[in-house]
Amino acid sequence: MKKYNFNAGPSMLPREVIENTAKQILDFNGSGLSLMEISHRAKDFQPVVDEAVALIKELLDMPEGYSVIFLGGGASLQFMQIPANFLIKKAGYVNTGTWAKKALKEAKYFGEVVEVASSAADNYTHLPHHFEIPGDLDYLHITTNNTIFGTEIRRDIDAPVPLIADMSSDIMSRPVDVSKYTAIYAGAQKNLAMAGVTVIIVKDDMLGKAPRELPTMIDYRTHVEKGSMFNTPPVVPIYSLLETMRWVKAQGGVKEMDRRAKERAKVLYGEIDRNRLFRGTVDAQDRSLMNICFVMNDEYKELEKPFLDYAVSQGMVGIKGHRSVGGFRASCYNAQTMEGVDALVKCMQEFEANH
C-alpha cells in the first residue's frame, strides 16, 4: 500500500532529493568516502556550500547586502540568537501561536520586549489584523506560518521598523521580498532539507550594533566571515538542502511552488468545507497553505478516532493534529503532491459515505 506523508516536520522531501543524498552518503563524488565521513574542509565540499547559497539567493531574488549562513540548533536556537544580535533596547513580537510565543519568551533575556499584537485570546484561530507597530522598536518579529494552529501570513508586511521573520515552515513556498527584512531564519525540516541545518539570511549592515559582547558562536558576524565554516557544519543536511534547492529550481522556482500550494489548499479546504463531518479551525482569510488543520464537527466528535484509524489504514501518515490542539493536520509542504491530497480527500469522502 502506498503511503502519503502529511507529517508536520520532519516532513516529506522530494523522492529524488532523498535518492541523490543517499547516493552521496554511500560515495561522495566518487571519492570512495561517504558524505557522512568527509571533512567539511574537503575541496569537494566547499562547492556544495557555495552552490546552496547561490541557489537560495537566486530563488528568492535576494538583493545585494545580504548573507546566507548555515547553522545547527534549529529555529529554537534562533529564538535566542536573533535578539542577542539585534535587540538594542526594545523589540516587538506578534504572537500568533506556540512558536511565536516561545520566540518572545527567549527575547526577554536580552532587553525589553513588547507584544505588539496577539490572537491568543481566540486560541490563535485567526491572525491579528490592523495593529499599530511602535516606531521605537529595534525590530518587529513575526512568525509567518503557524504549524500547530494552521494560520499563515502569506505576504511581506510593510513595517516602519526592521522586520525579522521565522519562516521555518513556509520559506521557498512563495516569492519573498527579502529587501523588507533585516533577517529571515528557517529550520530546515519542512521545505528546505532534512533536519539538522538552519538557514539564516541577514542584512550585513545591521550586524554588530547590539550593545553587548557576544560569545563567538552566537555572533552572526563569526559565521558570515567564515562562510558557515567556523566550526564543523551539518554536512549531510547541507547537501540535502542543495539537492532540494536544485529540485525547486528545476520545478519552476518559488512561483511554481506558490501555485502548487494554492492548488493543493483549494482542493483540501474545499472538501473540509463541503464534508458534513468536518470543519476548519481558523478564519478562512488566515488559513495556512502549509498546515491544513481541521476537526470533526461537534455532533460527530465521537468519530475522530475511527476516522484517524481509517485514514491510517488507507496509507495516510501524520494527519493527527498536534497534541496541544487535537483534531487533524495535513501538512502540504512543497514536496506534497496532488496525488496525496486527492487520496486524503477520497478517504474523507469514503468515511462520510459510511457514516
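A pocket here is an open set of grid points with protein on both sides within 12 Å along at least five of seven lines. In this predicted model, the largest pocket has a volume of about 490 Å³. A UniProt annotation from an unreviewed entry, "domain: Aminotransferase class V", covers residues 4-344.

**The domain span**

- The span of residues 4-344 is 33% helix and 17% strand.

**The largest pocket**

- There are 29 residues lining the largest pocket, and the closest to its centre are Gly9, Trp99, Thr147, Gln189 and Lys190.
- Which helix gives the most to the lining of the largest pocket? Helix α3, residues 74-86, does, with four residues.

- You will find Lys190 in the loop between β9 (183-187) and β10.
- Is Lys190 buried or exposed? Lys190 counts as buried because its relative accessibility is 13%, and the cut-off for buried is under 20%.
- Setting aside neighbours within four places in sequence, Lys190 is in contact with Ala8, Gly9, Ser11, Met12, Leu13, Thr147, Ser168, Ser169 and Tyr333.
- Two of these partners, Gly9 and Thr147, are also among the residues closest to the centre of the largest pocket.

**Cavities**

- How many cavities of 30 Å³ or more does the structure hold? It holds two.
- The largest cavity has about 50 Å³ of space.

**The seven-strand sheet**

- Seven strands make up an open sheet, and their order is β2-β10-β9-β8-β5-β3-β4 with mixed pairing.
- At the edges are β2 and β4 (112-118), each of which pairs on one side only.
- On average, neighbouring strands of this sheet are turned by 20 degrees against each other, direction ignored.
- Helix α2, residues 46-59, packs on the sheet and touches β2 and β10. The direction of α2 makes about 130 degrees with that of β2.
- As background, strands of a sheet pair through backbone hydrogen bonds, either parallel or antiparallel. This sheet lets you see both kinds.
- For the antiparallel kind, look at β2 and β10 (residues 198-203), which pair over six bridges. Leu71 stands opposite Thr198 in β10.
- For the parallel kind, look at β3 (residues 90-95) and β5, which are joined by two bridges. The bridge partner of Tyr93 is His141 in β5.

**Thr143 in strand β5**

- Thr143 belongs to strand β5, residues 140-143.
- Why does Thr143 count as buried? The relative accessible area of Thr143 is 3%, and buried means under 20%.
- Not counting residues up to four places away in sequence, Thr143 touches Thr96, Trp99, Ala100, Ile153 and Asp166.

**The three-strand sheet**

- Another open sheet has three strands in the order β11-β12-β14, with antiparallel pairing.
- β11 (278-280) and β14 (328-331) are the edge strands, each pairing on one side only.
- Here neighbouring strands are turned by 35 degrees against each other on average, direction ignored.
- Four bridges link β12 (residues 291-296) with β14, and Cys293 stands opposite Arg329 in β14.
- Helix α7 (residues 253-274) lies across β11, β12 and β14, and runs at about 10 degrees to β12.

- UniProt lists Arg41 for "binding site", in an unreviewed entry.
- Arg41 sits in the loop between α1 (15-26) and α2.
- With a relative accessibility of 53%, Arg41 counts as exposed, because the cut-off for exposed is over 50%.
- Leaving aside neighbours within four places in sequence, Arg41 is in contact with Met229 and Phe230.

Conventions
Residues are numbered from 1 along each chain as its sequence is written. This is a predicted model: local features need pLDDT of at least 70, side-chain atom pairs count only at pLDDT 80 or more; totals for chains, interfaces and linings use all residues. Side-chain values use heavy atoms; hydrogens and water are left out. UniProt positions are given in the numbering used here, feature names are shortened, and annotations may be inferred rather than shown by experiment. Buried means under 20% relative accessible area, exposed over 50%, partly exposed in between (1.4 Å probe, protein chains only). Contact means heavy atoms within 4.5 Å. Two strands pair if DSSP finds at least two bridges between them. Axes are lines fitted to C-alpha atoms, for helices over the stretch in contact, and angles run from 0 to 180 degrees between N-to-C directions. On a 1 Å grid over the protein atoms alone, a cavity is a set of points where a 1.4 Å probe fits but cannot get out, and a pocket is an open set with protein on both sides within 12 Å along at least five of seven lines; lining residues have an atom within 4 Å of a point. Grid points are joined across faces, edges and corners, and a volume is the space filled by probe spheres set on the points.
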